[in-house]
Amino acid sequence: MPQQQGKILQRSCLKQNHSLRRQLLTSFGTAAFVTLALSVFVSIIILVRAGNLVNSQSSEVMKRQIHTNLVGSTIATAQVFAKFSENYDGVVEQMAELVMDRIVGYPEPGWEEDEFVPFFDTRSQTNRYPIKADPLPLEWRISFDITEQNKANVIPHREHWFENVRHISTYSTGTFFMQGQCDPDMTRPEWITYYRNCAPENNNITTGGAVSPTTTAHGLYKKSGELALLLRPLFEANDYAILMGMYYVNSGSGAVVHYPGAMSNGLSGGYISNGCDWMKKENPFTGKPYGTDEFMARCHPKGEVVNGRDYNVNEREWFQYIVEHRGAIVWYGPFTAAGSPIALMTIGKAVYDRRTGELIGVVGLDVAMKDLNGNLVNSKLFDHSEWGIVQIEDGRVVADSLHSASETNSTLSTDVYVNWQDIGMLSDGAYTAIRNMYKELFAGEWTVEDVVAAAEKSARICHFGHIATAYPLPIPPKEYDPDYEPSLLAFHVVSQDVYNPIEDLEESVNDDILVTSLVATGIAICGMFVVLLMLWCVARVLTQPLLWMEIVSWRIVNHSDNRAGDRLQVEDEANITATARCSPNTEISDLVEEFQQMISGFSGDGASSVSEPEANEIRNTLTWQSDFGQLYTKTQMKGKSSTSNTTAQTPSTEPDDRGSASSASGTQEEARVSNRVDPNPSPSATLDSKASRFGLRVCPAPRKVHTGPVAAQAADDRYKTAEEVTNVYRSRLFWWIVLLIVVPLLITNTLICLLVTSAISNTVPKWIDELGAESLDLEEKSLANLVKSKAGELSLILQEHTRDLLFTSRVSNWLHFGAISIGDSFTDMAAATEECKYFPSRTCPVFESPEYQCPCQWYDSEVDSCSSGYNQSESRRLQRRFFASKAHDYDPTTGNRNSTSFPLVASSPETTLWFSDGSELPGSQKGHNTSGFHTAYDRLRVSSSLAIAEFPVYSYQGSAARRRQWLGSYVGYEADGLFTGFSGCSQLHTGFANFFSDPENT
C-alpha cells in the first residue's frame, strides 16, 4: 500500500522530471487548496443546512400560526357579525311580536274589534288593546319635515340615505299605502302622486280603495296606527335602520305601512310582477293554501310591468322569498330602492296569526349595505384580508369589506346580485368545496368541536392565490340541535401576501448565508495566498542551498570534462546567496556544510583527477556520493583516453576488446577489490595512502550504482532500516515545514471554522429573534383583533339591551306624559306579594294556579322546569305585568308615602301590608279619567299599558329558542315606592315581602 501511494504521488505531485521547488509547491499547494476548499465547502454546507432548517421550521411555525390565527379571527368575527345580525334579527322579531299582539284572530269575525288580543281589561272585563292612536295618513298626504338643519338629530347615522329621499319623507309619522291610492287633485303627470283617473274612491279605506278593494284593508288600517306609533321608538333605538315596514297580504291586494313615512313613487318606472302562484302552496300552520283564487285574482300576472301606484307586495320576489321560510328570519338582498342608488339589505320575517295561523304578512327592516360592510372592514385581521357574508345556497354576497354591493348607478327598484366569486376573492371550486363540507357536517350529528375543526379544514388556497376560511351563521349552538341549519357563511379571505414575513425571514437568512459564505471564501482565498507565499518562500529557502550545490557540482564535473587545464576556483561560503544564508538550521544546513568541506580540496593550482577505484580505494561514507555517480560515469565514457599533465587519470588495464570479456574481467576485478577493501577504513588514512602511493591528490570516485532485483531489494532494505531508526519528530526540517506551511494552513482553517461557528452562533439566534418578532407581531395583531372582536361583541350585547331599554323607556315616557293615549282601559296586573309573604321563595300556593304557570314557549332560563300543553296564543295570554306597593303610611288621596312608622310596621314580612288589588290604590275613584302620574292609581293604570312594549321585548328574546338575556323590565316610582314590571317565569314580586332594607338605605 505505501508503494502504491508513492507511485501515485510520483505520477502527480512528485514527478522526477520536476524540480524540487516545483514538487514542494505542487504537493503542499495542492494539499492546502484541497484543505481550504474542503473547509469552505463543509462550512457553506453547514450554513445552508442550518439556514434551510431555520427556514423550514419557521415557515411551518408561521404558517401554522397564521392559519390558527386566521381561523380564530374568522370564528371571533363571525361571532361578532352573528351578534350584529342577531341584533337586527331581534328588531325584526320585536316588530313581529308587535304585529302578533295587535292583530289577533285575523281574518275571523271579531279581529277588527280586538276580541282576541292578549290584553285583558279589568274595567270592561274584555280583551282590549291598551293604547289608542290616530289613523295613519295615506302616503301622498304627508308633510316633508326632514331638512338640512334637523336631519342630524332626527335621523342620525342615516343622512346618506335620506339625502336622496328626504323630499318625499317624514319622520313624525308612518304612512299607509294600498293599491291605487292617489291625490285626486293632482293633474300634473310628472308628479309622483299623480294617478290616471284618480278619484276620491281610490282612497276609501272602508272599502279598500277602488282599484283592488278588500274587506280586510280597513281593519289593517285601523290597527296600523298603533303599530306605526311603536315603530318610531324602535326606529330611534336602532341607528342603522333605514326603513321599517309591515307588508300585509290584505286578501291578495296587498298593503304597506312604512316608518319613516315616505311617498310611493309613481314615476319610478314601476316593477315587473312575479305573479301570485305562491299562494297555491300550503300554509304550514293551517294546512290550507296561502290564498284563494280570489286572492290571486287581485295580483298582476307574472311578467307584467306594474305602475308604482298599483304596487302589490304579494307580487314581489323578496316578499315571496321571505314567506317561503315559514317564520324564520331571512336576509334578502342587496337591492336598490326606487329613487336611490344606495344598496339596501332587507331583514324580514313572515308573520302568522297566533290564533288562526293565517299569514298576516311580512315585517321587514331595511339596512344600508354601507353600514354592514363598514362593520366587516373594521374586523379585518390583516391589511390584505377581506371579509364576506355569503348566502350558503347560491353564494350571493350579503355583505363584504370590498363594498362590492354598496352602491349602484341604478335608480330603479332592482336586485343587486353579486356573487362571491364574481368579486375575485374566491373560486367557485373552493366555495363549493367549503359549502359542501359544512352541509355534510350538519346533515348528521355534530359537536361544536367538529364545527371548529371544519373551520380549520376550510383554510385552503384558491386558484386566485388567496387563503379562505369560513364559519357558519347563525353561530351553531353549543349543544347538538337537529333543527339547526346555517343559512350564511362568513368568509375570511387573505391574500398570500400574509406570508410575506416568512419570505422576508427566508430572504434574510439566505442573505446571511451568502455573506458568511463570501467571507469564508475570502478568508480561504487570503489564507491560500498566505500559504502559497509561505510555501514559495520555504521552497526557495530550502532549495537554494541545494541549487547552489548542484551548480558547484556541475562546475566541478564540467571543469574536469571541457576545460581541462584551466584553473578551477570554487566559491566559498561568503559567495552563497542571501536566501541561502537565511535558510533555517536544518539537515540541509548540515549537508551544505559537509559539501563545503568536501569541495574545499577542489580549488587551487593543482589539477583534479578522476581515478577508477582499486583494491586500496577509499570508501566514501557521504550519502550524497551516489548522486554524482552518473556525472562521473558520463565523464569516464567521454574522456577515458585523455591525457594531460594537469588531468588526473586512473591507472587501469584496458583490453583490446571492449566486449563481454572485458565486462566479466571488470566484474571480477570489482569483486576482488571489494574483498580487499577495509570495511571501515579511515577516510584520512586512505587518502594519505593514495597520495603517498601515486603522489597525487585524489578525488574519491562514487560507488558504481548497480541495478537489478538484488540491488533494488538491497536498497529497499537499507532505506527501510533507515526509516526504522530515524525518528521524524526529531527532524528540524520537519518542524520547520510544520511551522512555516502546516501552521498557517491550520490557522486559516481554524479561522474559517471560527467564522462559521461564530456565524451560526450569532445568526441562528438572530434568525430565531426575527422569527419570534414576526410571530409576536402576528400574535399581537391576532390578539388585538380578538380583543376588538370581543369588545365589539360585548358592545353589541350592551347595544341590544340598551336598545330594548330605550324602546321601553321611550314608550313609558310617552304613556306617562300623554303622548300616547291609553283610553279607558286598565290592563290586568298580578299582585301576589301580600298572599306570598308567609311563604319562602317559590313555595307560595299561587304558583299552582293556572295564571302563574311557566309555558315552555317562553324559553325562560330562570326556572328549572316549564309547563307544556300550551299553544302559542295561550302561552302569550299568561304574560301579565305585576305590581307591588305597601299599604301603610300613605296619603289617602294621592297614595304618596313621605314618612314611615317603622319599626311599628314593616319590621318583618308579617308586619308589612301590601295592596293586592289595583282598585284599592288611592285615586281609583277617578275611574277611566285618570292619566299621568298624580296619584298611585294613575301611576299603576298608566304603567299597565306598558305591556305593549315589555311583552314583545320579553317574547322576542325567547323566539327560536335563542339564549335569553333579557330577564325582566321594571318601573319604580319615587312618590310611593310603587314597583311594577314583568319578570317572566321568575315572578319576582312574590318574594318582595322577604326583602330587608340595609341601614344604608334608610
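## Cysteine pairing

Let's start with the cysteines: if the bonded ones in the chain are numbered in sequence order, they pair as 1-2, 3-4, 5-6, 7-10, 8-9. Searching the whole structure gives five disulfides, a disulfide being a pair of cysteine sulfur atoms within 2.5 Å. This is a predicted model, in which local features need pLDDT of at least 70 and side-chain atom pairs count only at pLDDT 80 or more, while totals for chains, interfaces and linings use all residues. Residues are numbered from 1 along each chain as its sequence is written, and side-chain values use heavy atoms, with hydrogens and water left out.

## Two of the disulfides

One of the disulfides joins Cys-182 and Cys-198, with sulfur atoms 1.7 Å apart. The torsion about their S-S bond is about 100 degrees, so this disulfide is right-handed. Cys-182 and Cys-198 both lie in the loop between β4 (175-178) and α5 (217-236), so the pair ties together parts that are 16 residues apart in sequence. Helices (H or I, at least four residues) and strands (E, at least two) are DSSP runs, numbered from the N terminus. Both Cys-182 and Cys-198 are buried, where buried means under 20% relative accessible area, exposed over 50%, and partly exposed in between (1.4 Å probe, protein chains only).

Another disulfide links Cys-836 to Cys-844, S to S 2.0 Å. With -80 degrees about the S-S bond, the link of Cys-836 and Cys-844 is left-handed. Cys-836 and Cys-844 are both buried.

## Salt bridges

Now for charged partners. Side chains of opposite charge can pair when their charged atoms come close. Counting a salt bridge as a side-chain nitrogen of Lys or Arg within 4 Å of a carboxyl oxygen of Asp or Glu, the total is 26 salt bridges. One of them joins Arg-881 and Glu-950 (2.3 Å, N to O). This pair links distant parts of the chain, with Arg-881 in strand β20 (residues 881-884) and Glu-950 in helix α22, 69 residues apart. Arg-881 is buried at 1% relative accessibility, and Glu-950 is buried with a relative accessible area of 1%.

Salt bridges can also form a network here: Glu-97, Asp-101, Arg-354 and Arg-876 are linked in this way.

## Helix α22

Where does helix α22 sit, and how far does it reach? Of its 12 residues, 12 are buried, so α22 is largely enclosed by the rest of the structure. Among them are Phe-951, Tyr-954 and Tyr-956. The expected span of a helix is 1.5 Å times one less than its number of residues. For α22 (residues 947-958) that gives 16 Å, and its end C-alpha atoms are 16 Å apart, which agrees.
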